Amino acid sequence: MPELPETTVISQDVAALAAGREVLRAEVFRPDVTNVEMQEFPRRLVGRKLLGTGRRGKIIVLDFGDVVGIVHLVISGRVLRLPEWQEPDRMNTAVLEFDGGLVLAFTRLWLGYFDLYEFGEEENHPLISRLGPDPFSEEFTVDYLTRAFGRKANIKGLLLDQSVVAGLGNIYVDEVLFAAGVHPTRRANTLTPEETKKVHAATRDILSRAIDLRGTTFDSYHDAFGETGQYQHQLQVFTREGEPCPRCGTTIEKTRVAGRGTHACPTCQPL
Ligand SMILES: [Zn+2]
């Protein structure tokens, strides 16, 4: 599933390809891909220019001026450049043609969607309205995390909660907790101030480096140019169960925490 770094890369790719271009055609394959009527989808987009793109948590935001596109790729969605216009189908769930012959398909939105909102109304989107601070925002401070961690819930579950921090998912939470030396099952309210500081720093550091390396590909993720990311080669614990810890040599363990496969070094992340 694309997390913050992958969503950032795709969003920047879409801007590089399509910003400043006018939409000539737009269609979705099924009514449940979007929040507007299927016929309304082209009516709202055709004739508008893509002014820019952004990201809210793991959601891509497309700025068409008076209209805002909210794209959630969820598990296996991708953005692909097609050689020419083709009607949307099960794979190419939403297709947009821009001037200059650029055709972008938002593929495999089986659980994802391409919603349209009036400018400003996107704050009412059910996911966006519940998002916590972005890790790169000014609100994301050590003090904020200290307050957010004042609960008995396990630290991994809290970091996965999009209302606590926007954009982290299973891969990067495991990597952040390893970098901070904090076991994923620790209760958040037992973290020392030093540990909270380390979680804060590791979150920004790991996400920035993952963006620089254009994300992590270990399943289906590719950028909008069809290329894989490179951060999978930097992963310290995620998908490395049974391998020696890169820091101390202890075997990395995989367990289930917060309902998710979780990787940790029992020595570097003591309980
Ligand atoms: Zn270790």
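1. **Helix α1 against helix α6.** In this predicted model, the axes of α1 (residues 4-18) and α6 (residues 193-212) come within 9 Å and cross at roughly 40°. That makes α1 oblique to α6 (under 35 degrees counts as roughly parallel, over 145 as roughly antiparallel, 65 to 115 as roughly perpendicular, the rest as oblique). The crossing is right-handed (the near helix is turned clockwise from the far one by less than a right angle).

2. **Residues joining α1 and α6.** On the α1 side, Leu-4, Pro-5, Thr-8 and Val-9 meet Leu-207, Ala-210 and Ile-211 of α6; contact means heavy atoms within 4.5 Å. By class, six of these residues are nonpolar, one is polar and none is charged (Ala, Val, Leu, Ile, Met, Phe, Trp, Tyr, Cys and Pro count as nonpolar; Asp, Glu, Lys and Arg as charged; the others, Gly among them, as polar).

3. **Helix α5 against α6.** The axes of α5 (residues 170-180) and α6 come within 9 Å and cross at roughly 130°. So α5 is oblique to α6. This crossing is right-handed.

4. **Residues joining α5 and α6.** Tyr-172, Glu-175, Val-176, Leu-177, Ala-179 and Ala-180 of α5 meet a set in α6 that includes Lys-198, Val-199, Ala-202 and Thr-203. Ile-206, Leu-207 and Ala-210 complete the α6 side. The contact has ten nonpolar, one polar and two charged residues.

5. **Conventions.** Axes are lines fitted to C-alpha atoms, for helices over the stretch in contact, with angles from 0 to 180 degrees between N-to-C directions. Helices are DSSP runs (H or I, at least four residues), numbered from the N terminus. Residues are numbered from 1 along each chain as its sequence is written, and side-chain values use heavy atoms, without hydrogens and water. Local features need pLDDT of at least 70, side-chain atom pairs count only at pLDDT 80 or more, and totals for chains, interfaces and linings use all residues.

Methods:
Helices (H or I, at least four residues) and strands (E, at least two) are DSSP runs, numbered from the N terminus.
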